[in-house]
Amino acid sequence: MKLDVIDFSDEPLSENTGRGIGIPFDTAFAALDVLLADAIGLTITELNPYHGANLGRFVDRLAGAYRSAAGQAIR
């Protein structure tokens, strides 16, 4: 998951401080939910907590995406 695709003004996670050029946080995680259904690994790049990102929101959504993928794999 390359975090600079998430719009910095929606969630300042990356080094890329461009505003209005990325996709919304919720859209990125909706895509991740689908991708994790078939993925065996994930690399997260460019996470910069010094930009004031809500890391709790990020970690909660990431954990939720993995829980969802694990639930789908069990079925």
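Why does Phe29 count as buried? Its relative accessibility is 0%, so Phe29 falls in the buried class. Buried means under 20% relative accessible area, exposed means over 50%, and partly exposed lies in between (1.4 Å probe, protein chains only).

The model is predicted: local features need pLDDT of at least 70, side-chain atom pairs count only at pLDDT 80 or more, and totals for chains, interfaces and linings use all residues. Residues are numbered from 1 along each chain as its sequence is written, and side-chain values use heavy atoms, with hydrogens and water left out.

Aromatic pairs were searched for across the whole structure, and two were found. The ring centres of Phe25 and Phe29 are 4.8 Å apart and the planes meet at 45°, so this pair is tilted. Rings of Phe, Tyr and Trp (its six-membered ring) pair if their centres lie within 6.5 Å; planes under 30 degrees apart count as stacked, over 60 as edge-to-face and the rest as tilted. Both Phe25 and Phe29 belong to helix H1 (residues 25-36). They are four residues apart, about one turn of the helix. Helices (H or I, at least four residues) and strands (E, at least two) are DSSP runs, numbered from the N terminus. Phe25 also counts as buried, because its relative accessibility is 0%.

Phe29 forms an edge-to-face pair with Phe58, at 5.8 Å centre to centre and 75° between the planes. This pair links distant parts of the chain. Phe29 is in helix H1 and Phe58 is in helix H2, 29 residues apart. Phe58 is buried, as is Phe29. Phe25, Phe29 and Phe58 make up one aromatic cluster.

The largest nonpolar core holds 12 residues, including Phe25, Phe29, Phe58, Leu32, Leu62 and Ala53. Such a core is a set of buried Ala, Val, Leu, Ile, Met, Phe, Trp, Tyr and Cys residues joined through side-chain atoms within 4.5 Å. H1 and H2 are the elements that give two or more residues to this core. H1 supplies the largest share, five residues. In soluble globular proteins, nonpolar side chains tend to be buried together. Ala53 touches Glu11, Pro12 and Leu13 (heavy atoms within 4.5 Å). Residues up to four places away in sequence are not counted here.

Leu55 presents another setting. Leu55 lies in helix H2 (residues 55-74). Its relative accessibility is 32%, so Leu55 counts as partly exposed.
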